[in-house]
Amino acid sequence: MERDEQALPYLQANLFSFPPSREPRLLNPLVLAYMGDAVYEVFIRQYVVSQTNHKPNHLHRLSTRYVSAKAQAKALRRWLPILTEEETDIVKRGRNAKSGTTAKNADVLEYRHSTAFECLIGYLYYTQRWERLQQLLMLSLERDETSTTTGKGDA
């Protein structure tokens with residue numbers, strides 16, 4: 001818990017002073033996902049750098065375990081039971097958004113759930129719900145850490 005409390009000021013720091021052009025709820029879900037993708041990427045990069053092995057290849061391999069469409073879809077499934085009604089609505093908007101692209105290593109459903117995952121992150125980021133964002137981001141790591149150390153994959 002102490003480590004989580006140390007991380008909170010980093011989330012609260014407003015490094016970027018460009019608010020969205022309109023209220024976050026009114027943004028296109030793909031715009032929210034675009035920002036959510038960036039926020040999650042930085043979160044994961046900070047996480048892997050906090051680990052002991054700082055060889056670039058290791059950092060990259062470890063981070064791709066979390067930022068892939070498949071991993072993000074799994075994390076979203078872990079989040080679903082604890083999402084609020086508002087968060088569930090944002091997830092549905094992200095999942096149903098029609099993107100002109102597809103993932104290289106994921107099926108269509110995984111890709112849509114990955115987009116929904118990123119959409120919610122972008123929404124929480126833009127609404128400045130730092131504690132909730134941190135709670136969900138940390139939850140996205142939990143089972144993966146367990147499955148990595150036990151050698152068992154997610155069901």
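Colleague: Looking at this predicted model, are α2 and α6 roughly parallel or roughly perpendicular to each other?

Modeller: Their axes sit 6 Å apart, and the packing angle is about 85°. Angles from 65 to 115 degrees count as roughly perpendicular. So α2 and α6 come out as roughly perpendicular.

Colleague: How many residues of the contact of α2 with α6 are nonpolar?

Modeller: On the α2 side the contact includes Leu 30, Met 35 and Val 39, and on the α6 side Phe 117, Ile 121 and Tyr 125 are among the residues. The charged ones number two and the polar ones three. That leaves the nonpolar group, with 13.

Colleague: Moving along α6, which side chain of opposite charge is nearest to Glu 110?

Modeller: Glu 110 is in helix α6, and it's buried. Beyond its sequence neighbours up to four places away, Glu 110 touches Ala 69, Lys 70 and Ala 73. A salt bridge needs a side-chain nitrogen within 4 Å of a carboxyl oxygen, and Glu 110 has no salt bridge, with the nearest opposite charge 4.2 Å away. The side chain in question is Lys 70.

Colleague: Is Ser 63 buried or exposed?

Modeller: Ser 63 is found in helix α3, which spans residues 56–67. Leaving out residues up to four places away in sequence, Ser 63 touches Ile 44 and Val 48. Its relative accessible area is 7%, and the cut-off for buried is under 20%, so Ser 63 is buried.

Colleague: And how far apart in space are Ser 63 and Phe 43?

Modeller: Along the sequence, 20 residues separate Ser 63 and Phe 43. Going C-alpha to C-alpha, the distance in space is 9.9 Å.

Methods. Residues numbered from 1 in each chain as written. Predicted model: local features only at pLDDT ≥ 70, side-chain atom pairs only at ≥ 80, totals over all residues. Heavy atoms only, no water. Helix = DSSP H or I, 4+ residues; strand = E, 2+ residues; numbered from the N terminus. Buried < 20%, exposed > 50% of the residue type's maximum accessible area, 1.4 Å probe, protein only. Contact = heavy atoms within 4.5 Å. Axes fitted to C-alpha atoms, helices over the stretch in contact; angles between N-to-C directions. Parallel < 35°, antiparallel > 145°, perpendicular 65-115°, else oblique. Nonpolar A, V, L, I, M, F, W, Y, C, P; charged D, E, K, R; others polar. Lys, Arg positive; Asp, Glu negative; His and termini not counted.
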